[in-house]
Amino acid sequence: MTRVILIRHAKSGWDDPMAEDHDRKLTERGHKAARAIGAWMFSYGYVPDVILCSDAMRTQQTAAGIMEALGDGPQLKLQPLLYHPAPDTIIDLVAHETAQVVAVISHNPGIGMAAQALVRERPDHRRFSDYPTCATTVVDFDERIRIQDGTCVDFIVPRDLTD
């Protein structure tokens with residue numbers, strides 16, 4: 001079995017209007033959401049062997065918040081290809097990983113589209129289709145990773161944890 005965890009970066013801001021998109025940082029709400037998702041992942045045993053992460057500031061900060069709760073378990077791999085990728089790019093990178101549990105932290109619309117493409121059945125959650133910040137989907141595959149062949153084990157957004 002292979003498990004894929006697809007995470008959109010947490011809430012970021014435009015505090016500095018002169019900053020490049022790539023350099024945008026998380027808001028306080030974003031930091032809180034990343035820590036909450038990390039704690040949720042840990043409590044359910046959704047601990048990845050490797051985290052493939054866009055090299056944007058907001059995705060790296062999301063990874064740091066999540067990893068606080070996961071401890072030394074996951075290896076972080078920065079992937080410039082995950083900065084605003086097509087869903088096929090995400091799926092291809094995950095399919096070439098040898099780890100049993102792979103997490104991806106990236107951007108919409110690609111990360112949400114990848115989640116929708118990989119699951120056989122969508123979760124019964126009103127936010128799955130728009131994939132808000134820090135939305136997280138856990139998908140299991142019996143064998144290799146294939147389009148519409150994954151079982152959606154779980155889906156959550158930070159508001160499910162903080163409200």
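Two residues are in contact when heavy atoms of theirs lie within 4.5 Å. Keep that in mind for the tour. The model on your screen is predicted, so local features need pLDDT of at least 70 and side-chain atom pairs count only at pLDDT 80 or more, while totals for chains, interfaces and linings use all residues. Residues are numbered from 1 along each chain as its sequence is written, and side-chain values use heavy atoms, with hydrogens and water left out.

**Stop 1: S106**

Select S106 and show its surroundings. Leaving out residues up to four places away in sequence, S106 touches I7, R8, H9, T59, L82, P85, I90 and I111. S106 belongs to strand β4, residues 101-106. Helices (H or I, at least four residues) and strands (E, at least two) are DSSP runs, numbered from the N terminus. Is S106 buried or exposed? Its relative accessibility is 0%, so S106 counts as buried. Buried means under 20% relative accessible area, exposed over 50%, and partly exposed in between, using a 1.4 Å probe and protein chains only. Now look for L82: the side chain of S106 reaches the backbone oxygen of L82 at 2.6 Å.

**Stop 2: the sheet**

Next, colour the strands. Six of them form an open sheet with mixed pairing, in the order β3-β2-β4-β1-β5-β6. At the edges are β3 (75-78) and β6 (151-156), each with a single partner strand, so one side of each has no neighbour in the sheet. From one strand to the next, the twist averages 20°. Strands of a sheet pair through backbone hydrogen bonds, either parallel or antiparallel. Here, two strands pair if DSSP finds at least two bridges between them. Zoom in on β5 (residues 136-141) and β6, which pair in the antiparallel sense over five bridges. Select D140 and you will find T151 of β6 opposite.

**Stop 3: two helices across the sheet**

Show helix α1, residues 28-44: α1 lies across β1 (2-8), β5 and β6, and runs at about 140° to β6. For these angles, axes are lines fitted to C-alpha atoms, for helices over the stretch in contact, and angles run from 0 to 180 degrees between N-to-C directions.

Then turn to helix α2, residues 57-70, which lies across β1, β2 (50-53), β3 and β4, at about 140° to β4. Among its buried residues are T59, A63, I66 and L70. The buried residues of α2 pack against β1, α1, β2, β3 and β4. Just after α2, click on G71, where phi is positive, about 70°.

**Stop 4: P74**

Keep going into the loop between α2 and β3, where P74 sits. With a relative accessible area of 7%, P74 is buried. Apart from neighbours within four places in sequence, P74 is in contact with P48, D49, I51 and M67.

**Stop 5: aromatic rings**

Finally, display the aromatic side chains. How many aromatic pairs does a search of the whole structure find? There are six. Rings of Phe, Tyr and Trp (its six-membered ring) pair if their centres lie within 6.5 Å; planes under 30 degrees apart count as stacked, over 60 as edge-to-face and the rest as tilted. Select Y131 and F155, a tilted pair with 5.7 Å centre to centre and 50° between the planes. Y131 lies in the loop between α4 (110-118) and β5 and F155 in strand β6, so the pair ties together parts that are 24 residues apart in sequence. Both Y131 and F155 are buried. End your tour at W40, Y44 and Y46, which ring pairs link into a cluster.

Technical notes:
A polar contact is a pair of N or O atoms within 3.5 Å; within protein, one must be able to donate a hydrogen and the other to accept it, and residues adjacent in sequence count only if both atoms are side-chain atoms.
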